[in-house]
Amino acid sequence: MAIAPFARQTSFSVYVPPSFRPSQQGHDESKAILAATTKQMKQKQRDELQRLVGETSPEHKQQLEAVKLQALREFWSQAPLKDQENMPF
C-alpha cells in the first residue's frame, strides 16, 4: 500500500544557532490591532442587538400588551372577590 504524496513525511532539520532569539518586532502591533478589531466587533454586535431590540412593530407591541392584560386578568381572577373589586383594569 503506497502512501499518498501529500501524506509523506519528510525529515529535515534547520540549523538554529544557540544565541538565536526570535524577534518580537510586529508582535505587539498585531496584538494591538487584534484588540482594536475585537473591540470594534463587540461594539458592532451591541449596536446591532440594540437596533434589533428596538425594532418592534406596533402590531407586535399590541399583541404583547393583550397577552399581558390577559395574564393579569387570569391572575386577578384567582384572587378573593374582595380583591377583585380593586382590579386596576
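Please keep in mind that the model is predicted. The protein has three helices and zero strands, and 0% of its 89 residues count as buried.

**Overall build**
- Read from the N terminus, the order of elements is α-α-α.
- About 9000 Å² of accessible surface is computed for the protein, and carbon and sulfur atoms hold 59% of that area.

**The patch around Phe20**
- Val14, Val16 and Phe20 together make a nonpolar surface patch of about 310 Å².
- Phe20 has a relative accessibility of 47%, so this residue counts as partly exposed; the label exposed would need over 50%.

**The aromatic pair**
- How many aromatic pairs does a search of the whole structure find? The search gives one.
- The partners are Phe75 and Trp76, with ring centres 6.4 Å apart and planes at 85 degrees, so the pair is edge-to-face.
- Is Phe75 buried or exposed? Its relative accessibility is 57%, so Phe75 counts as exposed.
- Trp76, the other ring of the pair, counts as partly exposed because its relative accessibility is 23%; buried would require a value under 20%.

Conventions. Residues are numbered from 1 along each chain as its sequence is written. This is a predicted model: local features need pLDDT of at least 70, side-chain atom pairs count only at pLDDT 80 or more; totals for chains, interfaces and linings use all residues. Side-chain values use heavy atoms; hydrogens and water are left out. Patches are made of residues with over 30% relative accessible area and no salt bridge: like charges are joined within 9 Å, nonpolar side chains (Val, Leu, Ile, Met, Phe, Trp, Tyr) within 5 Å. Accessible areas come from the Shrake-Rupley method with a 1.4 Å probe; for residues, only the protein chains shown count as cover. A salt bridge is a side-chain nitrogen of Lys or Arg within 4 Å of a carboxyl oxygen of Asp or Glu. Buried means under 20% relative accessible area, exposed over 50%, partly exposed in between (1.4 Å probe, protein chains only). Helices (H or I, at least four residues) and strands (E, at least two) are DSSP runs, numbered from the N terminus. Rings of Phe, Tyr and Trp (its six-membered ring) pair if their centres lie within 6.5 Å; planes under 30 degrees apart count as stacked, over 60 as edge-to-face and the rest as tilted.
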